[in-house]
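Q: I would like to learn how to read salt bridges and helix packing from a set of coordinates. Could we work through one case together?

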Amino acid sequence: MKIALIPGDGVGAEVLAQSVKVLDATGVAYESQSYDLGGERYLRTGEVLPDSAYEELRGFDTILLGAVGHPDVKPGILERGILLRLRFGFDLAVNLRLVKLLPGVESALAGKGPTDIDFVVVRENTEGPYVGVGGGLREGTPGEIVTQESVNTRFAAERCIRFAFDLAAQRDRGEVMLCHKTNVLTHAGGLWQRTFDDVASGVPGVATSYGHVDAVCLWMVLDPGRFDVIVTDNLFGDIVTDLGAAISGGLGYAASGNLNLDGTAPSMFEPVHGSAPDIAGQGRANPVAAIMSLWMALNQAGERDAAARVLAAIEKTVADVAPRIGLGLSTEQVGDLVAKAV
Ligand code: IPM
Ligand code: MN
């Protein structure tokens, strides 16, 4: 495997180093190259993602990313310039995000255990309000006006929805819920609902349902056991997966893969996100989300045996030490334990 590493900002480097340690323990043969991208480089050189690096990245099999976001850099520069440029430019169609409470981890929800919180979110990853269509006039005056449009194509919705159905068909429960806001966003919601219904009619074995995004948030807190696979647009997917992280132990446990579905570019794997500048450099970040993201990368690369060993090692380690992660047990020590278990 040819793997590109983008440690990025804040705790990104600390957690990504643990994934690499675990990858080494698997014995999988790989070559890697690390790319110095992120807030520090931007502040030093003014460069966000040089075109040469962007083109090189396209040649890898997989990208592992830590996090982007720096307190001294204006919001949007790194996010749009690195993360979104790669998601859009490499056509990383699906952002697959796990919401899985591992045994040993305490949920923020009282009385909920691993059997109650075990679902996935298939987040559309290339469109919605994220694309940046729109603009403004008269900035900074009382007459200021802006628009920020949500772009929705049948093409992008359909490939995500198909992915969600294929995934559901492989899961025990096999249920897909469309999450949107069709009662208000009638144009975009209509496109998503029609596409969903058309795909569903061709996949008879998979049960379907629909939830408005506000209600989905309510159920994620009151009754997360009702979800199996949720498919949703880019912005709703962003928001519900932070809530998903909150109920499954926090961002330190939330793994994700930005998946290229047509082989034209590498997929990119990352914790659901947060450079966590408040704890950066202290060795307190939980690396499990990053290591789980490595597990997803190995699976996608067809390294099934290594992936299975990584997952078993994560589960064992977490079951043993979860309450001490970040509280006495450092990022490095957690990485060492998982690597040893592999
Ligand atoms: C995420 C993050 C990103 C997003 C930011 C950093 C641009 O919040 O991966 O969820 O909004 O997609
Ligand atoms: Mn987010």
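Predicted model: local features only at pLDDT ≥ 70, side-chain atom pairs only at ≥ 80, totals over all residues.

Q: How many salt bridges does the structure hold?

A: Side chains of opposite charge can pair when their charged atoms come close. The structure holds 20 salt bridges, and Lys100, Asp118, Arg171 and Asp228 are linked in a network of them.

Q: Is Asp51, which forms a salt bridge with Arg85, buried or exposed?

A: Asp51 is exposed, with a relative accessible area of 55%, whereas Arg85 is partly exposed at 26%. The closest N and O atoms of Asp51 and Arg85 are 2.8 Å apart; Asp51 lies in helix α3 (residues 51-58) and Arg85 in helix α4 (residues 77-89), so the pair ties together parts that are 34 residues apart in sequence.

Q: At what angle do helix α10 and helix α11 pack?

A: Two packed helices are described by the angle between their axes and the distance between the axes. Helix α10 (residues 304-321) and helix α11 (residues 331-341) pack at about 130°, with their axes 8 Å apart, and are therefore oblique to each other.

Q: Which residues of α10 and α11 meet?

A: From α10, Ala313, Ile314, Lys316, Thr317 and Val321 meet Val334, Leu337, Val338 and Ala341 of α11. By class, this contact has 7 nonpolar, 1 polar and 1 charged residues.

Conventions: Residues numbered from 1 in each chain as written. Chains lettered and ligands numbered in written order. Heavy atoms only, no water. Axes fitted to C-alpha atoms, helices over the stretch in contact; angles between N-to-C directions. Helix = DSSP H or I, 4+ residues; strand = E, 2+ residues; numbered from the N terminus. Parallel < 35°, antiparallel > 145°, perpendicular 65-115°, else oblique. Contact = heavy atoms within 4.5 Å. Nonpolar A, V, L, I, M, F, W, Y, C, P; charged D, E, K, R; others polar. Salt bridge = Lys/Arg side-chain N within 4 Å of Asp/Glu carboxyl O. Buried < 20%, exposed > 50% of the residue type's maximum accessible area, 1.4 Å probe, protein only.
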